[in-house]
Amino acid sequence: MAWVTLLLAGILEIGWAIGLKYTDGFTRVTPTVLTVGSMILSVVLLGIAVRSLPLGTAYAVWTGIGTVGTVVLGIFLFAEPATFIRLGCIGLIVAGIAGLKLAA
């Protein structure tokens with residue numbers, strides 16, 4: 001269950017990272033409220049997950065999910081570049097996340 005909680009926390013991290021773009025510098029009320037809510041819930045779920053997962057592993061997986069998801073959505077939503085090197089680095093992050101999960 002802790003891994004599911006951590007996955008949800010990571011998904012919410014993606015949500016708030018992408019949400020930052022839509023807040024327009026925190027000048028738009030609805031995106032700002034949703035982004036801040038996602039931030040809070042993401043950290044709360046991370047806190048719940050670390051009750052039974054190693055802190056270093058949980059934090060690395062949480063940030064890895066957020067990083068990979070944000071980069072992928074940035075490519076699709078904001079036409080950010082999808083270069084070979086960039087995608088290769090994302091692959092390395094995914095490999096690191098998988099390795100940490102296997103080691104936990």
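Is Glu 80 buried, partly exposed or exposed? Glu 80 is partly exposed, with a relative accessible area of 29%, where buried means under 20% relative accessible area, exposed over 50% and partly exposed in between (1.4 Å probe, protein chains only). The model is a predicted one, in which local features need pLDDT of at least 70 and side-chain atom pairs count only at pLDDT 80 or more, while totals for chains, interfaces and linings use all residues. Residues are numbered from 1 along each chain as its sequence is written, and side-chain values use heavy atoms, with hydrogens and water left out.

The protein chain contains four helices and zero strands, and from the N terminus on its elements run α-α-α-α. Helices (H or I, at least four residues) and strands (E, at least two) are DSSP runs, numbered from the N terminus. Along its principal axes, the C-alpha trace spans about 40 × 35 × 15 Å. Of the 104 residues of the protein chain, 32% count as buried. The chain exposes about 6,300 Å², of which carbon and sulfur atoms supply 76%; accessible areas come from the Shrake-Rupley method with a 1.4 Å probe, and for residues only the protein chains shown count as cover. Among contacts in the protein chain with a separation of 6 or more, 67% are accounted for by residues 24 or more positions apart, contact meaning heavy atoms within 4.5 Å.

The axes of H1 and H3 come within 8 Å and cross at roughly 40°. H1 is therefore oblique to H3. Axes are lines fitted to C-alpha atoms, for helices over the stretch in contact, and angles run from 0 to 180 degrees between N-to-C directions. Angles under 35 degrees count as roughly parallel, over 145 as roughly antiparallel, 65 to 115 as roughly perpendicular and the rest as oblique. For H1 and H2, the packing angle is about 155° and the axes are 8 Å apart, so these two helices are roughly antiparallel to each other. The crossing of H1 and H3 is right-handed, whereas H1 passes H2 in a left-handed crossing. A crossing is left-handed if the near helix is turned anticlockwise from the far one by less than a right angle, and right-handed if clockwise.

The largest nonpolar core has 14 residues, and those touching the most other members are Leu 6, Leu 46, Leu 53, Ala 58, Val 61 and Trp 62. Such a core is a set of buried Ala, Val, Leu, Ile, Met, Phe, Trp, Tyr and Cys residues joined through side-chain atoms within 4.5 Å. Two or more residues of this core are given by each of H1, H2 and H3, and the largest share, five residues, comes from H1. Leaving aside neighbours within four places in sequence, Leu 46 is in contact with Leu 6, Ala 9, Ala 58, Tyr 59 and Trp 62.

Not counting residues up to four places away in sequence, Ser 42 touches Ala 9, Leu 12, Glu 13, Trp 16 and Trp 62. Thr 57 lies in helix H3 (residues 55-78) and counts as buried at 12% relative accessibility. With neighbours within four places in sequence left aside, the contacts of Thr 57 are Trp 3, Leu 100 and Ala 104. Leu 7, in helix H1, is partly exposed because its relative accessible area is 43%. Leu 7 and Leu 45 are 38 residues apart in sequence, and their C-alpha atoms are 9.1 Å apart in space.

Asp 24 is found between helix H1 (2-23) and helix H2 (29-49), and its phi is near 55°, a positive value in a residue other than glycine. Asp 24 is exposed, with a relative accessible area of 52%. Phe 26 is found in the loop between H1 and H2; its phi, near 60°, is likewise positive in a residue other than glycine. At 47% relative accessibility, Phe 26 counts as partly exposed. Glu 80 is located in the loop between H3 and helix H4 (84-103). Not counting residues up to four places away in sequence, Glu 80 touches Val 71, Gly 74, Ile 75 and Arg 86. Glu 80 and Leu 12 are 68 residues apart in sequence and 21 Å apart in space, C-alpha to C-alpha.
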